[in-house]
Amino acid sequence: MTAKVTAEDVDRVAELANLKLAPEETPAMLRDLNAILDYVAELNELDTTGVVPMAQVSELTNAAGENVLRADQVRPSLDRATVFSQTPVTDQVFFKVPKVIER
Amino acid sequence: MSKLSKLPSEVKATASFVQQPRTFAALRADLAAGRTRATDLAAGYYDRIAQLNPTLNVYLSLTRERAMQQAARIDALAAQGDPLPPLAGIPIGIKDVLVMQGAPATAGSKILAGYRPPYDATAVARLEAAGAVLLGKLNCDEFAMGGSNENSAYGPVRNPVDTERVPGGSSGGSAAAVAANMAVATLGTDTGGSIRQPASFCGVVGVLPTYGRVSRYGLIAFASSLDRVGPLAANVRDAATLLSVIAGHDLQDATSNPAPVPDFAAESDKGAEGLRIGVPAEYFGEGLDPEVRAAVEKGIDALKAAGCTIKPVSLPTTKYAIPAYYLVATAEASANLARFDGVRYGHRSAGSDTLAGMYSHSRDEGFGAEVKRRILLGTYALSAGYYDAYYLKAQQVRRLLAEEFLRAFNDVDAIVTPTSPVPAFKIGEKSGDPIAMYLADIYTVTASLAGICGVNVPCGATGAGLPVGMQILAAHLDESTAFRVARAVEAAQ
């Protein structure tokens with residue numbers, strides 16, 4: 001957990017996140033990420049063997065231990081014209097984007 | 001307000017306006033008796049906003065047409081002598097991460113410039129249904145990521161108490177608007193302290209409701225397991241009134257809690273006598289400003305005088321809360337912010353003719369540095385080979401923290417701490433150092449991770465006149481107790 005992040009790691013993670021960093025942005029991000037990761041390494045001091053990870057807290061709010069999530073049912077939502085009113089490029093049926101595959 | 005001498009000259013110039021009654025009860029009585037009209041009140045607030053906003057940069061956009069229509073409806077009801085809804089005519093500002101149909105919603109980011117969402121957030125719709133007049137959208141850190149409001153793409157908000165200082169963040173506009181009386185009350189959002197900390201920096205009341213208490217529908221997501229919508233107001237009772245209006249089950253948010261919603265204002269009237277108050281040593285250690293400590297200790301004395309029992313409690317996992325929080329929050333943010341890709345709404349870069357290039361160029365042009373930093377950290381923490389060491393570990397620590405609070409609430413009814421280790425700092429003071437900025441959240445992220453509720457209530461000021469806030473934490477769904485304690489601290493001011 002004390003792995004040092006390299007410039008290549010930053011580029012790889014940026015690519016995973018669909019972020020294009022300018023060359024001048026990379027050194028600062030590299031420095032900050034290493035500083036933050038060094039800092040969060042404090043968590044290693046804590047023994048968490050056997051502790052069940054907590055992804056969300058709603059489990060705590062129902063004393064009966066029941067699932068408090070709603071039923072997964074299809075219900076009406078915004079109509080297409082309303083949604084497309086905010087779309088940069090559309091033919092009113094699809095969102096239009098640049099070509100996906102280069103030939 | 002008593003702080004008037006500290007306010008900049010533009011604020012002093014409108015002193016008579018500041019001194020108008022601004023509790024919900026007083027405004028309501030004036031409206032019902034015909035002494036005030038909702039349209040005049042709203043127009044007065046718009047004048048004040050026009051006067052102060054160039055200095056304070058609190059509002060990003062105004063929703064004047066919608067506000068004046070609503071105010072006219074309230075005036076018509078009052079003129080006919082019809083019963084007025086609970087928030088009739090109350091001018092309220094909305095943090096710009098909550099959507100209002102047809103109004104700009106930027107989340108403080110360039111990537112959403114020009115976006116006009118086609119629907120209302122549930123909390124917004126409930127306020128309006130209760131008669132509130134919604135003035136406009138309030139400045140905040142980009143995607144609510146920050147503790148100073150300096151990460152807004154639209155410039156920092158200035159603290160009305162001292163315009164050289166930050167108002168806190170991320171709900172900096174929401175807190176400053178209440179402090180400068182540019183709204184009677186506001187909505188903010190809190191992921192790691194973003195309502196409580198700015199409320200403390202600006203000297204107003206801010207509420208972190210229990211996770212799931214207020215619907216997140218229409219909230220532009222930062223970290224979904226942590227994000228909460230909550231009210232800010234000039235006094236505890238009005239904040240409690242607002243929470244009762246916006247809280248309650250909502251099918252549009254799958255994590256919304258179905259528990260019944262009490263009349264929190266009435267609950268807050270019950271007094272604090274007999275309540276057991278826990279004081280955790282972990283929140284009074286190294287790094288706590290001595291003037292902040294003194295003010296909070298005076299607040300604790302006031303609770304003793306009000307008939308509370310003060311007991312030490314131990315929360316030893318506290319020191320791991322900031323690292324756990326920043327891993328959980330950034331991991332969730334990296335997933336949530338993947339939706340901003342230039343396809344469906346918001347900014348699309350013209351600089352690329354391939355899909356992958358359009359995604360990355362749109363995101364590069366649209367996001368600011370702190371948002372990129374957090375997306376990168378979150379993506380790294382979730383990436384192959386690091387998931388267990390970072391994300392899973394943080395989730396385990398989250399459970400330890402949550403269980404520690406549960407145990408503490410077996411022995412005490414509420415826990416009191418400073419809201420922030422320091423009072424409002426100067427603009428630019430911490431902006432070059434992300435870790436220093438993250439540490440400003442040290443007392444607030446614990447309740448965020450545990451899902452419990454809390455209130456910031458002003459409990460004094462430093463020698464220089466900067467407000468100090470006390471954080472009052474209570475168990476899941478027990479906002480009533482937090483409000484009772486907050487009322488007792490408020491009464492002693």
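Mentor: First, the ground rules. Residues are numbered from 1 along each chain as its sequence is written, and chains are lettered from A and ligands numbered from 1 in the order in which they are written. The model is predicted, so local features need pLDDT of at least 70 and side-chain atom pairs count only at pLDDT 80 or more, while totals for chains, interfaces and linings use all residues.

Trainee: What makes two residues count as in contact?

Mentor: Their C-beta atoms, placed from the backbone, lie within 7 Å. By that rule, 46 residues of chain A are in contact with 61 residues of chain B.

Trainee: Which helices of chain A each supply at least two residues of the side that touches chain B?

Mentor: They are α1 (7-16), α2 (26-40), α3 (58-61) and α4 (80-84). The most comes from α2(A), with seven residues. Helices here are DSSP runs of H or I with at least four residues, strands are runs of E with at least two, and both are numbered from the N terminus.

Trainee: What elements does chain A have?

Mentor: Chain A has four helices and zero strands.

Trainee: Why is α2(A) called oblique to α12(B)?

Mentor: Start with the angle. The two helices pack at about 125°, with their axes 9 Å apart. Axes are lines fitted to C-alpha atoms, for helices over the stretch in contact, and angles run from 0 to 180 degrees between N-to-C directions. Under 35 degrees is roughly parallel, over 145 roughly antiparallel, 65 to 115 roughly perpendicular, and the rest oblique. Therefore α2(A) is oblique to α12(B).

Trainee: Which residues make that contact?

Mentor: A:I36, A:Y39 and A:V40 come from α2(A), and B:P323, B:Y326 and B:L327 from α12(B). By class, this contact has six nonpolar, no polar and no charged residues.

Trainee: Why is A:Q92 called exposed?

Mentor: Count the other C-beta atoms within 10 Å of its own, with C-beta atoms placed from the backbone: 20 or more is buried, 12 or fewer is exposed, and in between is partly exposed. A:Q92 has 9 such neighbours, so it counts as exposed. A:Q92 lies in the segment after α4 of chain A. Its phi is near 75°, a positive value in a residue other than glycine.

Trainee: What span should α14(B) have?

Mentor: The expected span is 1.5 Å times one less than the number of residues. For the 14 residues of α14 (residues 369-382) that gives 20 Å, and the end C-alpha atoms are 20 Å apart, which agrees.

Trainee: What makes β1 and β8 of chain B edge strands?

Mentor: Strands pair if DSSP finds at least two bridges between them. Chain B has an open sheet of eleven strands, ordered β1-β3-β2-β4-β6-β5-β10-β11-β9-β7-β8, with mixed pairing. β1 (59-62) and β8 (309-313) each have a single partner strand, so one side of each is left without a neighbour in the sheet.

Trainee: How many bridges join β4(B) to β6(B)?

Mentor: Six bridges join β4 (residues 185-190) to β6 (residues 228-233), and the strands run antiparallel. B:D190 stands opposite B:R228 there.

Terms used: Nonpolar A, V, L, I, M, F, W, Y, C, P; charged D, E, K, R; others polar.
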